[in-house]
Amino acid sequence: MSENLQDILVHTEAGVTTLTFNRVEKKNSFTEVMYGAMADVLQAAAQDAGVRCVVIQGDATVFSAGNDIGDFLRQGQSAQPADMTERPVWRFLKAIASFPKPLVAAVCGPAVGVGTTLLLHCDLVYAGDNAAFALPFVNLGLCPEAASSLLLPRMFGMHRAAEALMLGEPFMAEAALEVGLVNRVVPPTECNALAQQQARKLAAKPLSSLMATKRLMKGAQTEQVLQVMLDESREFGRLMREPAAREAFGAFLEKRKPDFSGM
Ligand code: COA
């Protein structure tokens, strides 16, 4: 079964739902519509007994450049202070953080911002050797989201997490493998196929056993993750309206370096 939501392609076969980002001309950056569509897919997959595993992927050149920066700019300019929990992004983050079935990701090329943080909520992550991860929240006048302020220090260790989250410099697939963000690094042209192969293996296993295993592995963490996501959202919503973020968004869209002097 296939569904075409334009920028998000959805295909279900042999118990595996594959969600493919399809906005390559904008480096698969996520619009509000895309977050809403992805949340719908995950919520439906959680309920559908025929779906036993979900794969999230881009193509061999790009995973995702994160949130659409034009959308950020518009949200930061809106008259009402942003209540992030009313936005589709919140529905998506909540759906992925509490998704009860196995989630597999295939990452090639840039994975920026939420393109990286969403991986913290996946069970298996495969990367092309061209994968470039980056968390440039501070460089955009923002702060971490998707519970990355909690999960990244746990996974990377505090100092490496600070390097990723405070300097915001990209790191490549091999470094991601070393810190445990990805399971395996392969040539980009093999990455989606490998994720599919692993998903098929999972789909052939007893689902209730897999779901119990995932629930037990996460333990009390899911509640904590949702609380941290809420705290992050408040800060994020506040920072989006401040001059530094407006300068950073404007600079990106005008293809110039931001000037944070005096901010
Ligand atoms: N939001 C909106 N548009 C984006 C985007 C984003 N997050 N990322 C890329 N695009 C657009 C570019 O503006 C460009 O559009 P144009 O062709 O109309 O000029 C197009 O996608 C191609 O991007 P480009 O920057 O030319 O590609 P690149 O290969 O040189 O670099 C990235 C790829 C991902 C490294 C770079 O686009 C980037 O840094 N994007 C911003 C990432 C970001 O800060 N995201 C927010 C995280 S919180």
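**Ligand site and charged pairs**

User: Which pocket does the space taken by the ligand form?

Analyst: This is a predicted model, in which local features need pLDDT of at least 70, side-chain atom pairs count only at pLDDT 80 or more, and totals for chains, interfaces and linings use all residues. Residues are numbered from 1 along each chain as its sequence is written, and side-chain values use heavy atoms, with hydrogens and water left out. A pocket is an open set of points on a 1 Å grid over the protein atoms alone, where a 1.4 Å probe fits, with protein on both sides within 12 Å along at least five of seven lines. The ligand takes up the space of the largest pocket.

User: Which elements give two or more residues to the shell around the ligand?

Analyst: Elements here are DSSP runs numbered from the N terminus: helices (H or I, at least four residues) and strands (E, at least two). Those that give two or more residues to the shell are α2 (69-77) and β6 (110-112).

User: How far is an oxygen atom of the ligand from an N or O atom in the side chain of K255?

Analyst: A polar contact is a pair of N or O atoms within 3.5 Å. A ligand nitrogen atom lies 2.8 Å from a polar backbone atom of A65. For K255, the distance from its side-chain N or O atom to a ligand oxygen atom is 2.7 Å.

User: Which residue meets R200 in a salt bridge?

Analyst: A salt bridge is a side-chain nitrogen of Lys or Arg within 4 Å of a carboxyl oxygen of Asp or Glu. The N to O distance for the R200 pair is 3.8 Å, and the partner is E13.

Key. A polar contact is a pair of N or O atoms within 3.5 Å; within protein, one must be able to donate a hydrogen and the other to accept it, and residues adjacent in sequence count only if both atoms are side-chain atoms. On a 1 Å grid over the protein atoms alone, a cavity is a set of points where a 1.4 Å probe fits but cannot get out, and a pocket is an open set with protein on both sides within 12 Å along at least five of seven lines; lining residues have an atom within 4 Å of a point. A molecule sits in a cavity or pocket if more than half of its atoms lie within 2 Å of its grid points.
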